[in-house]
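Visitor: I would like to learn how to read a structure like this one. Please take me through it feature by feature.

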Amino acid sequence: MNEQEYYVSSGTYWPIIGSIGVATLFVGFANQMHGASWGGSIMALGFAILVFMMFGWFGQVVKESTSGMYNSQVDRSFRWGMSWFIFSEVMFFAAFFGALFYARQLSVPWLGGADNNMFTPELWDGFSATWQQIVFNTPGATLQSGTAVSVPTQLVDTWGLPALNTALLLLSGVTLTFAHHALRADHRNNIIGWLVATIVLGVLFLGFQITEYGHAYHDGLKLTSGIYGSTFYMLTGFHGFHVTVGVIMLTVILYRVQKGHFSADNHFGFEGVAWYWHFVDVVWLGLFIFVYWL
Amino acid sequence: MTQIIIIIIVAILIALGSGLLGMLRGGSSGSDKMFKSLVIRVALSLFLFVLVMFAAFMGWIEPNATMMAGSHT
């Protein structure tokens, strides 16, 4: 293709289909959270629309790419597009990490009487300004005033699943780096092996994360368990959602590698997904350190 | 110990950001920069994880599970 010409794709309906899919998914999710019996079905419908959109949209872009419609200008557009997407992702997680720091370092201590708020705790009988992985599973205790409270009895195990999950995700960063190296060296079989290992590690992470949620929920840590429960589930839940998206994208890239869509010096699709996975990896490392340790 | 952990996290973020700039630049030099930066970010992340686990094992840091100062019970 002539370098002077810029390929402009024809009008496409995939973005609006994607938007309808996401909206349907979240309407279903929100209603599921509120106990609506039809929430799950609407969620499944939204997910099906999203999968349909991914097959259609990805397929169209791949077809345009392999038929040689993209020149270096289009390549630059893709790189900038991915970078702005990443910028929005960074700001998204920055907001939730910001909420974690604000609640933990400022608002909860204030409510507990820090600075010039010494009488604030007196406003609510039995209020306890705490921030920890404490499990409330002993109902029935009462204060002197007769108010029933739950008593913290044990701590969520930091050494167990969270540490194992961190190791799994960090290892997936290593296997992905090996895949990246194999792609740059043009060793296709090695790329496939390392990519499969990365995907398996990602799926294992998600499985253990679901197990961890099961333990935490069973022990009494819920979205409604005060500001700690809210920020814990918001941060780790959205991270888990990103890992899911990353696994889907890596699977698409695996398919494209098998089809021979990438070469040692032309593989932006792989680079974009690889960077995204490294980013999701670093977000988890930040979560592990700031939620569980510092 | 906390300061060392924070410094390594900042270094990881810088390596990740450098990888992003490499990806944005494209071409063979950008691709090299991206790959090298991501290798550094993986190595630093592994080092940090091992360091945190070792520090916890040695008792230099403790899980974030203590009651906050100023709590009212």
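**Reading chains, helices and contacts**

Guide: In chain B, 50% of the contacts with a separation of 6 or more are between residues 24 or more positions apart. Two residues are in contact if their C-beta atoms, placed from the backbone, lie within 7 Å. This is a predicted model, in which local features need pLDDT of at least 70, side-chain atom pairs count only at pLDDT 80 or more, and totals for chains, interfaces and linings use all residues. Residues are numbered from 1 along each chain as its sequence is written, while chains are lettered from A and ligands numbered from 1 in the order in which they are written.

Visitor: How many helices and strands does chain B have?

Guide: Helices (H or I, at least four residues) and strands (E, at least two) are DSSP runs, numbered from the N terminus. Chain B has two helices and zero strands.

Visitor: What percentage of the residues in chain B is buried?

Guide: A residue is buried if 20 or more other C-beta atoms lie within 10 Å of its own, exposed if 12 or fewer, and partly exposed in between, with C-beta atoms placed from the backbone. Of the 73 residues in chain B, 25% are buried.

Visitor: Is Leu100(A) buried or exposed?

Guide: Leu100(A) counts as buried because it has 21 C-beta neighbours inside 10 Å. Its place is in helix α3 (residues 72-111) of chain A. Setting aside residues up to four places away in sequence, Leu100(A) touches Thr231(A), Leu235(A) and Phe290(A). The C-alpha atoms of Leu100(A) and Tyr292(A) are separated by 12 Å, and these two residues are 192 residues apart along the chain.

Visitor: Where does Asp186(A) lie?

Guide: Asp186(A) is in the loop between α4 and α5 of chain A. Asp186(A) has 12 other C-beta atoms within 10 Å, so it is exposed. Its phi is positive, about 65 degrees, although Asp186(A) is not a glycine.

Visitor: Where is Asn190(A) found?

Guide: Asn190(A) is in helix α5 of chain A. With 15 C-beta neighbours inside 10 Å, Asn190(A) counts as partly exposed. From C-alpha to C-alpha, Asn190(A) and Ala179(A) are 6.7 Å apart in space, and they are 11 residues apart in sequence.

Visitor: At what angle do α5(A) and α6(A) cross?

Guide: Axes are lines fitted to C-alpha atoms, for helices over the stretch in contact, and angles run from 0 to 180 degrees between N-to-C directions. Angles under 35 degrees count as roughly parallel, over 145 as roughly antiparallel, 65 to 115 as roughly perpendicular and the rest as oblique. The axes of α5(A) and α6(A) come within 10 Å and cross at roughly 160 degrees. The two helices are therefore roughly antiparallel to each other.

Visitor: Is the crossing of α5(A) and α6(A) left-handed or right-handed?

Guide: A crossing is left-handed if the near helix is turned anticlockwise from the far one by less than a right angle, and right-handed if clockwise. The crossing of α5(A) and α6(A) is left-handed. By class, their contact has 14 nonpolar, eight polar and one charged residues. Here Ala, Val, Leu, Ile, Met, Phe, Trp, Tyr, Cys and Pro count as nonpolar, Asp, Glu, Lys and Arg as charged, and the others, Gly among them, as polar.

Visitor: How many residues does the contact take from chain A and from chain B?

Guide: It takes 42 residues from chain A and 34 residues from chain B. On the chain A side, α7(A) gives the most, with 11 residues.

Visitor: How many residues has the largest nonpolar core?

Guide: A nonpolar core is a set of buried Ala, Val, Leu, Ile, Met, Phe, Trp, Tyr and Cys residues joined through C-beta atoms within 7 Å. The largest has 50 residues, and Leu195(A) and Trp284(A) are among those with the most contacts inside it. The largest share of this core, 17 residues, comes from α7(A). Apart from neighbours within four places in sequence, Leu195(A) is in contact with Ala179(A), Leu250(A), Ile253(A), Leu254(A) and Val257(A).
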